[in-house]
Amino acid sequence: TIVNRGDTVFVGGQFTTAGTVTANNVAVAINGEWKSLGTANQNGVGGTVNSLAILDNRLYVGGNFTRAGNRAVNSLAQWNGVWGDVGGGVAGYVNTLAVSPFNTLMVGGKFNTAGVDTVMNLAMWNGRAWVNNSLSEGDLQDHPDSNLTGNLGLYEGLIDGEVRSIIFVGTDMYVGGNIARAFPGGATFQYAPISHITRYEH
């Protein structure tokens with residue numbers, strides 16, 4: 001996976017070197033020169049990187065790992081010169097990251113919590129905190145559309161199946177993966193049957 005900020009290119013995957021530089025699963029190329037993210041044996045992350053994204057000049061790294069630099073994390077980390085946790089991460093693993101038109105980070109994969117929020121394979125980070133309303137099947141009937149897909153830039157819901165990709169077209173979000181049902185929000189709980197891809201309109 002690759003993401004850039006101008007001429008700076010970040011690369012993630014499953015590797016231990018970038019060029020001749022020791023780099024654990026994530027590295028950066030600046031003007032064609034490879035560098036690690038962190039120093040010595042505390043650089044990079046301790047597992048496979050599946051997705052990268054840049055939000056507010058911070059690099060977000062998602063995958064399947066429990067260490068970033070010398071920090072304990074849960075499959076999601078951020079880099080801004082030093083490694084940091086992202087709200088406690090997720091209980092599972094991350095496959096895909098995407099920045100929304102509302103300058104929030106959408107996180108998809110296979111997980112059932114994001115921080116302390118109950119979610120289902122899809123979550124949203126606003127740069128400071130998770131914003132998911134701790135959705136669950138038991139309390140969805142108490143959440144009107146405005147809380148889920150209204151004018152606040154929220155893309156929340158439950159995805160019944162592993163999320164593998166997220167992309168935005170305008171303000172519409174497309175979610176793809178091994179998905180059979182999705183709940184996009186509403187006053188009455190009802191899953192919509194789908195075949196691998198769904199769209200959240202905003």
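These are questions and answers on a predicted model.

Colleague: Why is Asp117 called buried?

Modeller: Buried means under 20% relative accessible area. Asp117 has 11% relative accessibility, so Asp117 counts as buried. Asp117 lies in strand S15, residues 117-118. Its C-alpha atom is separated by 9.3 Å from that of Val90, 27 residues apart along the chain.

Colleague: Why does Asn31 count as exposed?

Modeller: Exposed means over 50%. The relative accessibility of Asn31 is 70%, so Asn31 counts as exposed. Asn31 sits in the loop between strand S5 (26-30) and S6. Its phi is near 55°, a positive value in a residue other than glycine.

Colleague: What makes Asn57 exposed?

Modeller: The cut-off is again over 50%. Asn57 has 54% relative accessibility and therefore counts as exposed. Asn57 is in the loop between strand S7 (48-55) and strand S8 (58-64), and its phi, near 65°, is a positive value in a residue other than glycine.

Colleague: Why are S1 and S6 said to stand at the edges?

Modeller: The open sheet has 4 strands in the order S1-S2-S5-S6, with antiparallel pairing. Strand S1 (2-5) and strand S6 (33-36) each have a single partner strand, so one side of each is left without a neighbour in the sheet. From one strand to the next, the twist averages 25°.

Colleague: How do you know that S1 and S2 pair?

Modeller: Two strands pair if there are at least two bridges between them. S1 and strand S2 (residues 8-12) have 4 bridges, in the antiparallel sense. Ile2 stands opposite Val11 in S2.

Terms used
Residues are numbered from 1 along each chain as its sequence is written. This is a predicted model: local features need pLDDT of at least 70, side-chain atom pairs count only at pLDDT 80 or more; totals for chains, interfaces and linings use all residues. Side-chain values use heavy atoms; hydrogens and water are left out. Helices (H or I, at least four residues) and strands (E, at least two) are DSSP runs, numbered from the N terminus. Axes are lines fitted to C-alpha atoms, for helices over the stretch in contact, and angles run from 0 to 180 degrees between N-to-C directions. Buried means under 20% relative accessible area, exposed over 50%, partly exposed in between (1.4 Å probe, protein chains only).
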